[in-house]
Amino acid sequence: MTGTRARQVIVTAASVIDGKAIAAQVRADLIPDVTALRDAGIITTLAVVLAGDDPASQVYVRNKVRACEEVGIASRRVLLPSATTTAELLHVIAELNADATVHGILVQLPLPRGVDTDTVIDAIAPEKDVDGFHPENVGRLMAGRPRFVSCTPAGVMRLLAETRVVLSGATAVVLGRSRTVGQPVAALLTAADATVTVCHSRTRDLGAVTRTADVLVAAVGRPGLVKADMVKPGAVVIDVGINRLESGALVGDVDYAGVSAVASAITPVPGGVGPMTIAMLLQNTILAAKARLSSRGDRGAPQ
Ligand code: NAD
């Protein structure tokens, strides 16, 4: 023994919330529903509209189509050139709305420059809007009568549920107030009885707010924004951000290595929220097909 006493440093790493594994389970659990619909004469079908040649969008669409195939959902890809106009997109949407064999319609965003995205989203029949972006579906969520909850927020909530995070009475902080992620996540956390604070680009002293969070959801789009000293020890951290670094690496909004040493549970990027988003899209498409089945009643018309 030397005179130096060995000091034991205990580093407790957060448990990893494995979105890839949870999403695989969700997808597997959806297969019997697709089969039952098929037995009732309904081939659950998702139409995916992709305008332009954005490489990231192409990858997203490919992944969505592949996930559909895996659970037996039929997909119909509508590929349009970058020069597509709002009017042309409206025409495509009108056709898909009228097609009784299509249950879900997804328009991959972003749309080419010059296209009026809101007008296109507004044109999707709300009962086929499996992305949950149509104002009617957004309004229903806010009114506490959700139909299609948009896929990423639904995925965040499912991850929290599968991880058995107690939300009732918890303090939750959401970073980002976008209409598609931050705001619906905040609404869903509120509905689950958490006390929710939404932060955004004008929030002063972000760390002071984030340190109050038992549950911290980051949806900003800035790599490494959330550092270890901004996280309350033992917090659950959900990283929605997807950022491509110059090196080509894909990272979230959270400094994963640093925050892992402070949080009790954390989602990785990739392999956290991303796979859940796609699983929730499939779930919404099945929901749309089931609604078609029940609206068909006993008339028995094939569709
Ligand atoms: P957005 O650009 O629409 O919104 C970003 C939000 O962050 C805004 O509300 C803005 O006010 C806020 N913000 C900006 N700087 C901030 C700061 N310093 N502190 C706090 N808030 C700040 O983005 P979005 O569409 O909501 O997406 C957010 C991130 O989530 C992006 O990285 C996106 O790629 C990712 N995303 C991931 C999935 C998925 O499936 N995992 C799905 C959708 C979006």
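**Close-up 1. Serine 57, a buried residue of helix α2.** In this predicted model, serine 57 counts as buried because its relative accessibility is 2%, where buried means under 20% relative accessible area, exposed means over 50%, and partly exposed lies in between, as found with a 1.4 Å probe on the protein chains only. Serine 57 belongs to helix α2, which covers residues 55-71; helices (H or I, at least four residues) and strands (E, at least two) are DSSP runs, numbered from the N terminus. When residues up to four places away in sequence are not counted, serine 57 touches Leu50, Gln108, Leu109 and Pro110, a contact being defined by heavy atoms within 4.5 Å. Residues are numbered from 1 along each chain as its sequence is written, and side-chain values use heavy atoms, with hydrogens and water left out. Because the model is predicted, local features need pLDDT of at least 70 and side-chain atom pairs count only at pLDDT 80 or more, whereas totals for chains, interfaces and linings use all residues.

Close-up 2. One of the residues touched by serine 57 is Pro110, and a cis peptide bond, with omega at about 0°, joins leucine 109 to proline 110. Proline 110 lies in the loop between β4 (104-107) and α4 (117-123). Another cis peptide bond joins valine 269 and proline 270, with omega at about -5°, and proline 270 is found in the loop between β11 (265-266) and α10. As background, most peptide bonds are trans.

Close-up 3. The space taken by the ligand is the largest pocket. On a 1 Å grid over the protein atoms alone, a pocket is an open set of points with protein on both sides within 12 Å along at least five of seven lines, in contrast to a cavity, where a 1.4 Å probe fits but cannot get out; lining residues have an atom within 4 Å of a point. A molecule sits in such a space if more than half of its atoms lie within 2 Å of its grid points. Of the 21 residues around the ligand, Arg177, Ser178, Val240, Ile242 and Thr277 come nearest, where a residue is near a molecule if one of its heavy atoms lies within 4 Å of it. Helix α10 (residues 273-296) gives the most to this shell, with three residues.

Close-up 4. A polar backbone atom of arginine 177 is 2.8 Å from an oxygen atom of the ligand, and a backbone N or O atom of serine 201 lies 3.1 Å from an oxygen atom of the ligand. At valine 240, a polar backbone atom is 3.4 Å from a nitrogen atom of the ligand. Taken alone the ligand exposes 860 Å², and the protein buries 72% of that; accessible areas come from the Shrake-Rupley method with a 1.4 Å probe, and for residues only the protein chains shown count as cover.

Close-up 5. Alanine 192 has its place in the loop between α7 (182-191) and β6 (195-199), and it counts as partly exposed because its relative accessibility is 24%. Leaving aside its neighbours within four places in sequence, alanine 192 is in contact with Met157, Leu167 and Ser168. Aspartate 193 is also found in the loop between α7 and β6, and it has a positive phi of about 75° although it is not a glycine. With a relative accessibility of 49%, aspartate 193 counts as partly exposed.

**Close-up 6. Arginine 164, with a positive phi.** Arginine 164 lies in the loop between α6 (151-162) and β5 (171-175), where its phi is positive, at about 55°, although it is not a glycine. Most residues other than glycine have a negative phi. Arginine 164 counts as exposed because its relative accessibility is 70%.

**Close-up 7. Side-chain polar contacts of threonine 101.** Threonine 101 lies in the loop between α3 (86-98) and β4, and at 35% relative accessibility it counts as partly exposed. Its side chain makes a polar contact of 2.6 Å with the side chain of aspartate 99, and a polar contact of 3.2 Å joins the side chains of threonine 101 and arginine 76. A polar contact is a pair of N or O atoms within 3.5 Å; within protein, one must be able to donate a hydrogen and the other to accept it, and residues adjacent in sequence count only if both atoms are side-chain atoms. The C-alpha atoms of threonine 101 and alanine 289 are separated by 9.3 Å, although these residues are 188 residues apart along the chain.
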